[in-house]
Amino acid sequence: MKLICFAILAVQAAAGADYVNGQAARLVIGQTTFTDSYHGATNFQIGSAAGLAWGSNRLFVVDSNRFAADPVNNRVLIFPTDILPKPTDQVDNLPAGDPNYSQCKVCARTTAKVVLGQPDFNNNAINLTQAGFRVPTAVATDGTRLAVADTDNNRILIWNSIPTSINQGADVVVGQSDFTHNTTAVPPTAKSLRGPQGVWLQNGKLFIADTQNNRVLIYNQIPSSNGASADVVLGVANLTTAVPVALTAVTATANNLTSPVAVTSDGTRLFVTDLGANRIMIWNSIPTSNQAPADLEIGQPDMSSAVSNNSSKLCTSNGVVSSIDSTLTYPGRCEKTLSFPRFAVSDGTRLYVADGGNDRVLIYSKLPTGSASAADVVIGQADFTTYVPGDNADQIQTPTSLALDGTNLYVADVFNRRVLVFSPGDIALPPATVRNAASLEVFAIGNVTLGGTIKE
């Protein structure tokens, strides 16, 4: 097994590496094996993680959720990632006495160094203070600052530098005038928030998915004082417009939003995860005017549709009802559909989407340039039409957030209480890959398939 593990990991680092359908995670954080789903509140074990971010060689994990997945630990954990084994590392060389030793050789038994929102690693209480949280759901960093969506306190907390001490208080609050209030405004204002579930920092700007106000707010400068006003709003006509939630789902357009839960940017484009309309909205440049329409979307056949897994409009037919009924049938899902997506993020080349309702992550090898684009790779399922939830190394249950570090893809696997780490690999071996002293010529004449299911 030692040699097999090394060979697989070495292949993953090959030139031209990419992700492949149904591939397994390389590492797991928060559990001792890929099939464990224990929960708790320690510096190693997490509850049900919702939000992720990566920056400054740290992984930020929001250990909390609004899915009724227990426990809700009301905290943010900060893990160092420079100690995680790299794709080329031989990971089974630790002695049994090493504190990072695990019988699962690819389970990253790393421990968080900092916890925010709690006085130690064992508490999970709700708090409304400069340091406390009430069901946080998202986290973002630009490598210097840190922002957390403190959802049920109706606010965003900002640290002007990456926190280095346990329970460190935030420097700035957005959505409230101070750190001891959590009120909302009806109708909303340029300063108010209501249940924000998405936050992003990019190029000196702050972006907020103000979920229950059905809008995205853009701050042209990252606020340096409490209660700052937004500069631009997407999804509604202006910063004081209120949209009843009941009306938005049946009136999908290019310039409205229904319960947006995430907002991200690659520095050029803006991506908004429009949960209620089962789509990802994409602006080809950062909007500068209120209610600017998106340039394209994925997950729907057009800007006016909002159906979960709209397969009859997006997928290729898989047959007919019967020999006497020629009505076309369609798979439940395919490479173009989405069902309650939770997050989208791009590295400027690829686009990654957490397709929460389908228990999968979709990868677009090139950024979509038109609406209703098809994904190239699926992770969490064997193929684009399969739906099998589970807790193996190649399965995900309701992915809620994603993070990228330039090599790895981190996935928040909320109902399995873990964070999975995927790395691209090159599985296409050239004909002359394997040679030894007896090899005069080597011919590639077929494929080798390994059957069975990996459990541990």
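Colleague: Which residues touch the most other members of the largest nonpolar core?

Modeller: First, the term. A nonpolar core is a set of buried Ala, Val, Leu, Ile, Met, Phe, Trp, Tyr and Cys residues joined through side-chain atoms within 4.5 Å. Buried means under 20% relative accessible area, exposed over 50%, and partly exposed lies in between (1.4 Å probe, protein chains only). Here the largest core has 38 residues, and Leu402, Leu409 and Phe422 touch the most other members. A second, separate core has 21 residues, including Ile158, Leu206, Ile208 and Tyr219.

Colleague: What should I know about the model itself?

Modeller: This is a predicted model, in which local features need pLDDT of at least 70, side-chain atom pairs count only at pLDDT 80 or more, and totals for chains, interfaces and linings use all residues. Residues are numbered from 1 along each chain as its sequence is written, and side-chain values use heavy atoms, with hydrogens and water left out.

Colleague: What does Leu409 touch?

Modeller: Contact means heavy atoms within 4.5 Å. Leaving aside residues up to four places away in sequence, the partners of Leu409 include Tyr19, Tyr352, Val361, Ile379 and Phe422.

Colleague: Is Val377 buried or exposed?

Modeller: Val377 is buried, because its relative accessible area is 6%. Val377 belongs to strand E23 (residues 377-379). Strands (E, at least two residues) and helices (H or I, at least four) are DSSP runs, numbered from the N terminus. Residues up to four places away in sequence not counted, Val377 touches Tyr19, Val20, Asn21, Val361, Leu362, Ile363 and Phe384. Glu335 is 42 residues from Val377 in sequence, yet their C-alpha atoms are 8.2 Å apart.

Colleague: Where is Arg26, and which polar contacts does its side chain make?

Modeller: A polar contact is a pair of N or O atoms within 3.5 Å; within protein, one must be able to donate a hydrogen and the other to accept it, and residues adjacent in sequence count only if both atoms are side-chain atoms. Arg26 sits in the loop between helix H1 (2-12) and strand E1 (27-29). Arg26 is buried, since its relative accessible area is 5%. Its side chain meets the side chain of Ser423 at 2.7 Å. A polar atom of that Arg26 side chain also lies 3.4 Å from the backbone oxygen of Lys86.

Colleague: In what order do the four strands of the open sheet run?

Modeller: Strands of a sheet pair through backbone hydrogen bonds, either parallel or antiparallel. Two strands pair if DSSP finds at least two bridges between them. Here the order is E6-E7-E8-E9, with antiparallel pairing. Strands E6 (138-141) and E9 (172-174) are the edges, each pairing on one side only. E8 (residues 155-159) pairs with E9 over three bridges. Leu157 stands opposite Val173 in E9.
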